[in-house]
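Here is a short note to read alongside the model.

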Amino acid sequence: VVVDDIVTLVDRDWGEANGWHSMGFETMTILDPLVMVVNPAEMGIRRYLVGAGLSHPNIVPTTSAQSNPTAIAPKGQQQIRRGLPRDTRAALDEILNPQLVMDRLADENFYPVYDAGVERLYKVLSPLQDQETPTFLWQMSQPKYVKRYYSNNTGITSLLKYAATTPPPLDSNVHSAYLDSWRATSGTASSAPQIYSAPSSMDPDATIEIRQRANGWRTMGIVGSKKGVSSIYHSIYKVDPDTEHVEPDVVIAEQIKTMAVLSLADNVSAVDDYQQSLRFLHFGYGAGTLVRLLAHHVKNSYHVALELDQGVVEAAHSLKPDLPNVSVLAEDAVQYVKKICDGPEERFDCICIDVFDEKNLVPEDFYSLSVLQTLSNQILAANGVLVQNFHSGGKRRNLVIEHVSKVVGEVFVDICWVPTIDSRSTGGNLLMMASKVPIPKNGDGTVSLSQNALAIQAKYGFTFDAVARVQSATRATDLSEIL
């Protein structure tokens with residue numbers, strides 16, 4: 001980088017860098033949220049966990065009477081950035097789980113706070129040579145800037161990773177009110193009145209049940225199974241108390257929100273072309289929460305949903321209203337793929353897969369090389385994407401995810417992984433997006449879906465924070481950092 005090129009930083013607490021972009025700056029990287037801690041007894045004081053020049057006085061105030069800043073730093077060091085007390089840091093170095101780290105901090109009246117991250121911007125003023133781009137110049141420049149915060153303390157490192165994969169969502173008041181309403185429902189599913197029941201076609205001992213909760217909430221699941229499949233289908237939805245119609249915009253499950261954003265985030269036409277009719281193919285239906293959400297917001301869209309269990313399909317047909325742009329079929333997904341490949345060409349812009357077996361694992365058919373090649377070459381459109389839900393946590397599940405990442409990488413042009421914001425290091429939902437076109441990247445090569453998610457939210461009007469759901473997108477080469 002020559003001296004008349006410009007590098008600057010934007011504190012995302014004050015907003016994104018759209019104004020800088022209009023002046024010719026390009027985003028090269030976005031640092032994860034920075035974790036700090038506060039103590040109610042230290043009014044106006046933030047303690048830093050990483051960075052140079054930290055002091056670590058071994059004094060911890062416990063009452064508001066000790067809130068004088070000079071009381072917690074050695075004389076003459078009042079302007080030095082304050083870190084944690086030495087004993088506290090030493091204790092954290094013995095803890096790996098971020099929740100246990102926060103519990104240990106709380107024992108000393110310290111509580112984490114987060115900023116919104118920092119955006120690093122670059123503007124080239126010098127003439128570009130042939131084949132040069134701002135991204136290329138940035139990658140070749142010296143010295144290199146760090147891509148993320150780091151610490152040699154085990155507990156602080158776990159907090160940094162937790163913050164990087166768990167951005168606080170800026171959901172609308174409407175969406176937050178729905179979440180509060182759901183949390184306010186009491187009792188278990190078994191204690192709620194049953195309002196629908198149908199036999200499962202997959203298990204003669206099981207039935208598909210819909211239970212009624214307070215405030216219009218409903219849950220659907222499989223019960224009575226002797227095969228341990230009760231966790232395969234578990235859906236939460238809400239109905240209007242006057243019409244009994246499902247409210248399509250009300251979504252509780254984080255994996256559904258993330259899948260909805262990913263299904264659109266890499267499809268440029270979904271943002272720019274208001275006339276194109278987007279086509280979605282869904283493997284797995286449940287109560288149809290994802291399908292209804294997309295069918296409601298993406299008005300000019302068409303959806304085919306495949307569900308193996310006839311009982312689930314019958315339960316789905318009992319929900320109102322019927323959607324003219326949705327077709328729900330009781331068919332085996334793999335057989336359906338073979339059937340449409342033998343018929344007239346039929347292409348989809350997105351395939352969403354949310355299917356698990358009785359062991360809560362994705363069946364191997366859904367990530368075999370032959371099936372993936374068929375989906376990419378014969379089912380997906382030229383700029384199509386495959387979005388799939390996996391359960392993470394535990395050696396077996398993580399090994400499956402690592403294997404899938406390698407196989408999918410052989411078939412698709414690009415791939416990224418996105419943990420849901422409620423996932424933890426011990427387990428959760430991990431979403432894969434495989435694309436036939438390159439996925440947007442920052443200048444340092446890290447995945448950047450935020451701008452697309454922001455544009456999609458503006459167009460389609462999701463009530464939840466779309467950007468937060470994809471902000472932790474990670475390229476396949478960095479998969480080990482989130483497993």
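1. Contact here means heavy atoms within 4.5 Å. On that basis, and leaving aside neighbours within four places in sequence, K123 touches D5, I6, M23, G24 and F25.

2. This is a predicted model: local features need pLDDT of at least 70, side-chain atom pairs count only at pLDDT 80 or more, and totals for chains, interfaces and linings use all residues. Residues are numbered from 1 along each chain as its sequence is written, and side-chain values use heavy atoms, with hydrogens and water left out.

3. The chain has 15 helices and 20 strands. These are DSSP runs, numbered from the N terminus: helices are H or I, at least four residues, and strands are E, at least two. Among contacts between residues at least 6 apart in sequence, 69% join residues at least 24 apart.

4. K123 sits in strand β8 (residues 118–123). K123 is partly exposed, with a relative accessible area of 23% (partly exposed lies between buried, under 20%, and exposed, over 50%; 1.4 Å probe, protein chains only). A polar atom of the K123 side chain lies 2.8 Å from the backbone oxygen of M23. V7 is 116 residues away along the chain, yet its C-alpha atom is 6.6 Å from that of K123.

5. Of the 483 residues, 51% count as buried.

Technical notes
A polar contact is a pair of N or O atoms within 3.5 Å; within protein, one must be able to donate a hydrogen and the other to accept it, and residues adjacent in sequence count only if both atoms are side-chain atoms.
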